[in-house]
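Please prepare a briefing on the structure shown below.

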Amino acid sequence: MRERIDQFCRREEGGMFRLLQDLVLQPSFSRFKQGVDAVGARLAASLETSGMELETVRQSEFGDHLLFRTPACRDGRPALLLFGHMDTVFPLDSPFNWYKDQDGTVSGPGVIDMKGGLVAAVYTIKALAECELLADIPLTLLCNSDEEIGSPSSTTIFQAEAGRSLAALGFECGGLGGEVVTGRKGRSGYRLIVTGRAGHAASAGADKASAILELAHKVIALEGLNDPGRGIVVNVGVIDGGIGPNTVSDHAVAEIDTRFLTRADAEATAARMAGIASHSTVAGTTAALQYVGGRPPMEQNSRNSGLYQLIRAEADKLHLPCVEELRSGVSDANTIAQLDIPVVDGMGPIGDGDHSDREYMLRQSLPDRVRLAACSILSIRERGFGSG
């Protein structure tokens, strides 16, 4: 069966890259519904003959979410969940709007984040269909439209699907060393609002209640919460305040990003930030800390490690690099992990430079990752992984 998968990948390599080019050249910024839906239509057309059943979750503001299911899902058995997002970070006026395939690399907007991953997922399913296995494997592919902006309309779908799944494979890009992701940091975003008392700078005395001055104290205190040894990151990334240099500011705001490895560290960091917000150094100023969203951590654990070891064994047979990774960035895998099922991410093709005009894929990694994913699913099926 694995030989048939290999033969399929060799025969269909050209089709993989034609689909990739189509997807990359279709702009799909998160808030460009028409473009994201066009990507979804292309994916649906590619899977039309595979035997997958399509459910479309309509959206008014964002692109529609797509759920492809094998007929084996009908009997209620726990499914294997594959997932990937159709949106990118690149706005419609981005000059990074081309596709280039040369010298063993492929470049273009979203080529690894994550249109290459979508192609890998689609051709993994097509490879299994070629082997006449889809009728026997409960398998769901979830393609969502809003991951790059925090999955506001798809998080509940991920929660529901993870709740009826035995394990999950995410097709975000793999690392340059063949990394597969078994853990991800969590993220919380905050807004710190400082209020002072306005006045004329020329007549301000030692008692001036400057919101900007108070915010400066708080920025230093917040940055002091960074703890590299524990993997805790606190970054004040945006500040704003005041109306002019000759005015004492009565208002200042900071936007803050935090990262953490565990829920306990998330809670402890939030408590320390709240303490900083509640204590004023400059008399006459007050502050309020607002949580503005985020994702819980995907903690490394024995479940994820067990799934990774199965994938690593298949990679060894295929003579492909495969390394376990704890990744700092978040994805929809963070949400799935909260349902206590085995989940790994980074099953997509290998590359670097995502979220920039330097984004590229190592060309050979696309068919190689299709081989790895399809063979790994065979192994999951053969061993009944996670069914207990």
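**Structural briefing**

K218 is found in helix α5 (residues 211-223); helices (H or I, at least four residues) and strands (E, at least two) are DSSP runs, numbered from the N terminus. This is a predicted model, in which local features need pLDDT of at least 70 and side-chain atom pairs count only at pLDDT 80 or more, while totals for chains, interfaces and linings use all residues. Residues are numbered from 1 along each chain as its sequence is written, and side-chain values use heavy atoms, with hydrogens and water left out.

**Surroundings of K218**
- K218 is buried, at a relative accessible area of 2% (buried means under 20%, with a 1.4 Å probe and protein chains only).
- Leaving aside residues up to four places away in sequence, K218 touches L192, V194, I276, A277, H279, S280 and A287 (contact means heavy atoms within 4.5 Å).

**Nonpolar cores**
- A nonpolar core is a set of buried Ala, Val, Leu, Ile, Met, Phe, Trp, Tyr and Cys residues joined through side-chain atoms within 4.5 Å.
- The largest such core has 65 residues, and those with the most contacts inside it are L20, L82, L169, F171, I311 and M347.
- Helix α3 (residues 111-130) supplies the largest share of this core, twelve residues.
- Apart from it lies another core of 16 residues, including L215, L222, I232 and A254.

**Strand β6**
- In strand β6 (residues 139-144), six of six residues are buried.
- L139, L141 and C143 lie on one side, and T140, L142 and N144 on the other.
- Strand β2 (residues 65-69) runs antiparallel to β6, joined by four bridges (two strands pair if DSSP finds at least two bridges between them).
- R69 has T140 as its bridge partner in β6.
- Strand β3 (residues 79-85) pairs with β6 in the parallel sense over six bridges, and L80 stands opposite L139.

Terms used
Buried means under 20% relative accessible area, exposed over 50%, partly exposed in between (1.4 Å probe, protein chains only).
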